[in-house]
Amino acid sequence: MSAGTDRSRRLSAIPPLALALTALAGPPALAQPTGRPIYEGAGGDPRISVSQPESTSQASGGYVRSIEPSLGPFGDPLGWRPLLKERGIEYSLTYIAETLGNPVGGIRQGAIVEDRLNLRLNLDLQRLAGWDGATVHANAYFIHGTGLSRYYVGNLLATSVIEALPSSRLYVLWLDQQLFEGQLGIRIGQQAADTEFFVSQTATLFVNSTFGWPAITGLDLPSGGPAYPLASPAIRAKYVPGNGFSLQAGLYNGDPAGANRPGDDPEAQRLDRTGTNFRTRDPALVVAEATYAFNTETDAKSLPGDITLGGWQHFGRFESLRIDNTGLSLADPNSTGIGRPLRGNAGIYAVYDQTLYRETGKDDEGLGFFVRAAWSPTRSSLVSAYLDAGLAYKGLFPGRDDDTLGLSLAHARLSDDARRSDIDTIILTGTAMPRRRAETVIEATYQAVVVPGFTVQPDVQLILHPGGGIANPRDPEGRRVRNAAVLGLRATVQY
């Protein structure tokens, strides 16, 4: 009996229900069964950051290794995984559990435990149905716990990437078609912009949410934009002509959950509890960017890096943060309380990712640097300017080649209209209150690899001017929310 015939008989012996349930678990997230990881960059781009970490909670992902080899016979006890892969079905899961607390500052002090299970599925339609260059991808989240930012710190730049309301939800579901030998990719279906746009590979190490989908887009766009935990129907085109250049643009339904429309509950995550609203009639959001990656060849004499320039334009209606629909200040006692209608929201951004030092004879150990900047001139924006930057070193300590140490900073400046509305309130009501200006976060983190596919990550954050400097609602004297120190510990398992 041939090996091929034996494999076919073993696969056909898998019960249909079991086969379906196994497939629903999701695809292996770019992992090798043994050995070193595949060098794939976050955001689906060539890997240029020598310090991209072993694991990340950010939606843009990157290369990972599976814990499967460390589990021995329990890693794949029925031997289905390679058999399914031969048929074009790949699945994986990532489980993240963490505890965070703010012993100092914030609205009040406390601690939380939260976790997230991420199931992924990839279907290679070439193997399954003979459809050349086509892939189906699905991603689902099972989210539990309480968010530290929402209930304790009161800040804008959420302390954790995985913070969200408890739910079981579909995240993305799309079909990707590769054309012209992979130079052009067309993707259609429910998608998230944070998986491909505005991505820094080095920044994927950090725990604070702003180092994934940055606060300027998360706070300015309806429902936070098409980003975790909400995605939106979209079509995306990516062109890779070669020589390090790539161009991509996405056309998204501009409001994943409909939170900017009048209703009893404006919380976007409650308006789309399962990720299956599939809204298609909201005004559009367009995101586009161009990237140049340099020194990515294996024989390059200089260190790799990339530069990205991009922007977004939302074509919907927004409300003024300061003026009502009759021309009065929203703080005026005679105001209608309804903001003046404004058209659109837009911004531009730039990303620079650079490997600064690579250890001799190593291709994935060394020091990386990133910086991202964005500006939104539209009067509908809560955040008008944003900047983050950081350093990460992989393999700094002897014998800990896969561990990554990082330090980062992010700053979000509130718009002129947001700050002037606070001045209006003070003048027109005679109420003494703090004036909002900006929020800053400083984060230090260390990701330790216990075994390939299993990491532990202690984390420290300092939140300066939570909420931009808002008054503490629990303080009878209305003083500012105090600067907060956040301590945390995260564990991640990838399979």
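The buried residues of helix α8 pack against strands β9 (305–324) and β13 (404–414). The model examined here is a predicted one. Helix α8 spans residues 416–429, a run of 14 residues. From its first C-alpha to its last it reaches 20 Å, close to the 20 Å expected at 1.5 Å a residue. Within α8, the residues D417, A418, S421, D422 and D424 are buried. These residues cover an arc of only 160° around the axis, and they therefore lie on the same side of α8. The helix is followed by G430, which has a positive phi, near 70°.

The side chain of Q58 reaches the backbone oxygen of A203 at 3.0 Å. With residues up to four places away in sequence not counted, Q58 touches V161, A203, T204, F206, F211 and G212.

Aromatic rings were also examined. A pair of aromatic rings is described by the distance of the centres and the angle of the planes. The count comes to 13 aromatic pairs. In one of them, the ring centres of Y141 and Y228 are 5.0 Å apart and the planes stand at 90°, so the pair is edge-to-face, a class that requires an angle over 60 degrees. Y141 belongs to strand β3 (residues 134–145), whereas Y228 is in the loop between α6 (215–220) and β6 (232–242); the pair therefore ties together parts that are 87 residues apart in sequence. Both Y141 and Y228 are buried.

Y228 also forms an edge-to-face pair with Y171, at 6.3 Å centre to centre and with 75° between the planes. This pair likewise links distant parts of the chain, since Y171 lies in strand β4 (residues 167–179) and Y228 in the loop between α6 and β6, 57 residues apart. Y171, like Y228, is buried. Through these ring pairs, Y141, Y171 and Y228 are linked into a cluster.

The charged end of R116 sits over the ring of Y228, 4.9 Å from its centre. R108 lies over the face of Y152, at 4.4 Å from the ring centre.

Notes. Residues are numbered from 1 along each chain as its sequence is written. This is a predicted model: local features need pLDDT of at least 70, side-chain atom pairs count only at pLDDT 80 or more; totals for chains, interfaces and linings use all residues. Side-chain values use heavy atoms; hydrogens and water are left out. Rings of Phe, Tyr and Trp (its six-membered ring) pair if their centres lie within 6.5 Å; planes under 30 degrees apart count as stacked, over 60 as edge-to-face and the rest as tilted. Helices (H or I, at least four residues) and strands (E, at least two) are DSSP runs, numbered from the N terminus. Buried means under 20% relative accessible area, exposed over 50%, partly exposed in between (1.4 Å probe, protein chains only). A charge sits over a ring if NZ of Lys or CZ of Arg is within 6 Å of the ring centre and within 35 degrees of the ring normal. A polar contact is a pair of N or O atoms within 3.5 Å; within protein, one must be able to donate a hydrogen and the other to accept it, and residues adjacent in sequence count only if both atoms are side-chain atoms. Contact means heavy atoms within 4.5 Å. The expected span of a helix is 1.5 Å times one less than its number of residues. The arc is that of the directions from the helix axis to the C-beta atoms.
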